[in-house]
Each structure stands twice: as C-alpha cells, then as structure tokens.
Amino acid sequence: MPAAAMRGDITYSGRARRVAVLRCLVAAVVVTILLAGLTALIFWLVVRPKPIDYTVTRAVARHFNVTPPPDATANATFYLTLAAANPNRRVSVLYEWVEFRVLYGEEAQLAVEDAPAFRQPRRNETLLDVRAVARSVPVGGQAARELRHDLAAGEVGVDVRMRARVRFETGGVRSRRYSLQAFCSPVVIALPPPSSARPFQSVPCDVAIS
C-alpha cells in the first residue's frame with residue numbers, strides 16, 4: 001500500500017476515535033443531567049416538602065444618621081430577628097451559607113451581614129438574630145433626602161433581603177443545592193426615644209426557591 005494512503009487511513013482513524021470519544025462525553029453529560037433531574041423530581045414527589053416561612057419579628061436601629069447631599073453617607077446599626085418556620089414532618093433544612101441585606105428602596109444598600117451555617121430540624125422554628133452595620137455607606141441624593149425626612153419623622157421603612165444556599169434532607173438523603181431568597185418589605189423601624197416608639201409589627205416575607 002502506498003505510504004500516502006497509509007497516512008490517510010491513520011489520520012482518518014484518529015479523527016474517528018476523537019469523534020467517538022467526544023460523542024461518549026456528550027452522552028455521559030446528558031445522562032448525568034437527566035439522572036440529576038429525575039432524582040430531584042422523585043425527591044419532591046415522595047417527600048412533598050411544604051414551603052419554609054420567614055417573618056421579621058424584631059427590627060431596631062441604633063445611631064442612625066444620614067449626612068446631607070451631595071456626598072451623603074449613612075451610618076446605623078440594625079438589629080434584626082427573623083423567624084424561620086419549617087413545618088415539614090420529614091424534611092430538615094441545611095443552610096450552607098446565609099446573607100442578609102438591609103436596603104432602602106431600589107437605590108441604597110445600607111448594610112450586609114453573613115450568618116453562620118446551620119441545620120434546621122423538621123417541625124422547628126429557628127430565630128435568626130442579625131446585627132448589620134452601616135459605616136459611612138454612600139447614599140444617592142434622592143435617597144438621602146428621603147432618609148433624612150424619615151429620620152426626622154421618627155421612623156424609617158427598609159427592605160430586608162435574605163439569601164441562602166440550602167439543601168433538604170430526609171431519611172439521610174440530601175437533595176441538590178438550592179438558592180433561597182426571602183424578601184421582607186416594608187420593615188418599619190421606630191427610632192429612639194423608646195418611650196415614643198410604637199410596638200413593632202411583624203413582617204412576613206416572600207420566599208422563592210430555585
């Protein structure tokens with residue numbers, strides 16, 4: 001056989017092997033994705049977990065002040081308590097990381113704080129105490145003016161957002177990781193002096209899991 005023909009056969013054979021390997025890899029990835037989806041579907045169909053409820057049950061702000069525009073900044077310490085209620089009889093929740101944000105409207109993010117990972121047992125209510133500090137946080141002109149007006153009026157309404165990565169566990173079997181978000185608004189905080197402060201009204205949160 002001519003040398004050129006042999007080189008052509010070898011080149012074709014090598015290309016065919018590479019194509020075959022690539023097809024096997026693609027097939028393996030597709031099968032893995034399908035199996036993961038099927039496992040998650042079976043988990044939800046068998047366990048049928050109920051939604052986790054979150055409620056802001058306490059909100060206090062200390063040393064809250066906002067400097068005037070144009071270079072406005074905000075300082076405050078927020079003390080928050082969120083009640084996380086797991087009503088499920090068979091499902092525990094594993095929180096791998098948790099983050100809280102205190103926001104003022106769509107413009108100003110006042111404070112961010114992480115919370116330690118924890119495990120929430122079934123049929124359990126866990127209270128999450130958060131201390132979020134704002135130190136010279138830049139605030140836009142419009143938000144600063146509105147905040148200063150609220151402070152003068154003796155109360156301020158903020159939004160509290162919780163983000164977490166969670167897994168669900170039942171019978172020693174854990175689900176895949178899910179992204180959980182809870183949005184609590186408006187959280188109206190009465191400012192000192194305490195003698196004139198109104199009782200805090202608990203705020204239920206909207207929850208999304210994806």
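**View 1. Histidine 63, an exposed residue with a positive phi.** Histidine 63 is exposed, at a relative accessible area of 67%; exposed denotes over 50% relative accessible area, computed with a 1.4 Å probe on protein chains only. Although histidine 63 is not a glycine, its phi is positive, at about 55°. Histidine 63 belongs to strand β1; strands are DSSP runs of E with at least two residues, numbered from the N terminus. Most residues other than glycine have a negative phi. The model is predicted: local features need pLDDT of at least 70 and side-chain atom pairs count only at pLDDT 80 or more, whereas totals for chains, interfaces and linings use all residues. Residues are numbered from 1 along each chain as its sequence is written, and side-chain values use heavy atoms, with hydrogens and water left out.

**View 2. Arginine 123, in the loop between β5 and β6****.** The strands on either side of this loop are β5 (118–120) and β6 (124–138). Arginine 123 has a positive phi of about 45° without being a glycine. With a relative accessible area of 62%, arginine 123 is exposed.

**View 3. The cis peptide bond between proline 69 and proline 70****.** Omega for this bond is about 10°. Proline 70 is placed in the loop between β1 (53–66) and β2 (73–86). Most peptide bonds are trans.

**View 4. The cis peptide bond from serine 185 to proline 186****.** Here omega is near -10°. Proline 186 lies within strand β9, which covers residues 178–190.

Methods. Helix = DSSP H or I, 4+ residues; strand = E, 2+ residues; numbered from the N terminus. Buried < 20%, exposed > 50% of the residue type's maximum accessible area, 1.4 Å probe, protein only.
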